[in-house]
Amino acid sequence: MTPAVYEGKYEIDSLAAFLKLSYWYWRYSGTSEIFTPEWFGGVYAALNTMRTMQVDDGQSRDPPYLFQRETTVATDTLMMNGRGPPAHPNGLSRSLFRPSDDGVTEPYNIPGNAMACTELNHLRTMLIEGIMPDSSIQMKAITGANVDISTLLSLVDVVADGICKALDSLIEDVTENDLDDHSSVHGGVLPYEIDGYDSYYFMDDANVPSLLSLPVLGYLSPSHPIYKSTRNYVLSQRNPFYFSGTEGEGVGGPHEGYGYAWPMAIITRAMTSDNDEEITSCLDMLVRSAEDTGFMHEAFNVDNMKDYTRSWFAWANGLFGELVLQLVTERPHLVVRPDAIEEAQSLVNPPVCSVAQKETLI
């Protein structure tokens, strides 16, 4: 780690987020100005990292990734002398920390890999439609970053093929079980993490990417039976990190502990809902939880909303703004006065969270 790196916790979603930002900027702006030598170098590094972690099992003499620190918080470091839990390579890419910065229980994070699958497909689209037809951009990549576009595309295919097919296999495995039989190993519910050795860890965490956010990621349709079953699980007491109290309810996680729901998960719940009553309930909780500061917090005590972490949490604030835009375009009656709907809709474009849910891979 160099001094320029603030934190050394590897999360696959960090690489996928770079690709996501690139794709949607290119798509919404219609400009190719982002395709610089530095961009190509970053893409190549991201792909190589994902590929490395696809074939690594965490058990070699010289592992590609180690992370260990002295701490009193178990999730702030990795087991096995910094290697993390062992894996059986299966096409997925190992990611030793969750979007919350907490260490994983099993080495293959399903939401993170789903996000990567989506963004690798978006990257393929950018390369084929936005870059290959333009010889000047290709020359910039070759001379500035020493990256050949056809080689880059082949690497995309290899990494995407492994991750996406492994996820397809997992969904097929879950589908073979009765969606209503929650006594079975899967019960029609996607696990949050797996290890490739047939161990499945069932839970969901508030941070995105999460199982709850799979449609928002552009991976799984909100109407897909597996998503519906998984969503029902996530928003129930069967999820060990779903908390309900006298002042609110929602998904939390190990990062802030028991009894703390995250506005981020409440926002994601509203984004993936087709029920006005559920959405209104989410909006009510979000407004009440932000009453003291006017901003979204990281988490709040479900029995006392004035007990919260972070008075201003940029990630949740941005996500809330995206939810408002989604509602203005899709359900304006929930957030806009009747006489102002037409004008409000004329001022905004459908946000990424809305478009992605209509263009899911599955």
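Guide: The radius of gyration used here is taken over C-alpha atoms, and the globule rule is 2.2 Å times the number of residues to the power 0.38. The model is predicted.

Visitor: How do you know whether the radius of gyration of the protein chain agrees with a compact globule?

Guide: For 362 residues, the rule puts a compact globule near 21 Å; the protein chain has 21 Å, so the two agree. Along the principal axes, the C-alpha atoms fill a box of roughly 55 × 50 × 45 Å. The chain holds twelve helices and eight strands, and 52% of its 362 residues count as buried.

Visitor: Why is helix α8 called largely enclosed?

Guide: Buried means under 20% relative accessible area. Nine of the nine residues of α8 (residues 263–271) are buried, so the rest of the structure largely encloses this helix. Among these buried residues of α8 are Pro263, Ile266, Arg269 and Met271.

Visitor: What makes tryptophan 24 and tyrosine 28 a pair, and of which kind?

Guide: Two rings pair if their centres lie within 6.5 Å, and planes over 60 degrees apart count as edge-to-face. There are 13 aromatic pairs in the structure. In the pair of tryptophan 24 and tyrosine 28, the centres are 5.8 Å apart and the planes stand at 65°, so the pair is edge-to-face.

Visitor: Where do tryptophan 24 and tyrosine 28 stand in helix α1?

Guide: Tryptophan 24 and tyrosine 28 are four residues apart in α1 (residues 12–29), so about one helical turn separates them. Tryptophan 24 has 6% relative accessibility and therefore counts as buried. Tyrosine 28 has 41%, so it counts as partly exposed. Both belong to one aromatic cluster, formed by Tyr23, Trp24, Trp26 and Tyr28.

Visitor: Why is the pair of tyrosine 200 and phenylalanine 202 named as it is: what are the values?

Guide: The limit for stacked is planes under 30 degrees apart. The rings of tyrosine 200 and phenylalanine 202 have centres 6.5 Å apart and planes at 20°, so this pair is stacked.

Visitor: What makes β1 and β3 edge strands?

Guide: Three strands form an open sheet in the order β1-β2-β3, with antiparallel pairing. β1 (108–109) and β3 (200–201) each have a single partner strand, so one side of each is left without a neighbour in the sheet.

Visitor: How do you know that β1 pairs with strand β2?

Guide: Two strands pair if at least two bridges are found between them. Two bridges join β1 to β2 (residues 193–194), and the strands run antiparallel. Asparagine 109 has glutamate 193 in β2 as its bridge partner.

Visitor: What makes the backbone at aspartate 198 worth a remark?

Guide: Most residues other than glycine have a negative phi, and most peptide bonds are trans. Aspartate 198 is not a glycine, yet its phi is positive, about 80°. Aspartate 198 lies in the loop between β2 and β3. Its relative accessible area is 67%, and over 50% means exposed, so aspartate 198 is exposed.

Visitor: What is phi of arginine 310, and where is arginine 310 found?

Guide: Arginine 310, likewise not a glycine, has a positive phi near 60°. Arginine 310 sits in the loop between β8 (304–309) and α10 (314–330). With 47% relative accessibility, arginine 310 counts as partly exposed.

Visitor: Which peptide bond joins valine 208 and proline 209?

Guide: The bond between valine 208 and proline 209 is cis, with omega about 10°. Proline 209 is placed in the loop between β3 and α7 (225–234).

Visitor: Which helix supplies the largest share of the lining of the largest pocket?

Guide: The largest pocket has a volume of about 520 Å³. Its lining has 18 residues, and Lys20, Met115, Trp315, Leu319 and Glu322 lie nearest the centre. α1 and α10 each supply at least two lining residues, and the largest share, eight residues, comes from α1.

Visitor: How do the residues of the lining of the largest pocket divide?

Guide: The lining of the largest pocket comprises 13 nonpolar, two polar and three charged residues. Lys and Glu count as charged, while Met, Trp and Leu count as nonpolar.

How values were computed. Residues numbered from 1 in each chain as written. Predicted model: local features only at pLDDT ≥ 70, side-chain atom pairs only at ≥ 80, totals over all residues. Heavy atoms only, no water. Phe/Tyr/Trp six-rings, centres within 6.5 Å; stacked < 30°, edge-to-face > 60°. Buried < 20%, exposed > 50% of the residue type's maximum accessible area, 1.4 Å probe, protein only. 1 Å grid on protein atoms, 1.4 Å probe; cavity = no way out; pocket = protein on both sides within 12 Å on 5 of 7 lines; lining within 4 Å. Points joined across faces, edges and corners; volume = space filled by probe spheres on them.
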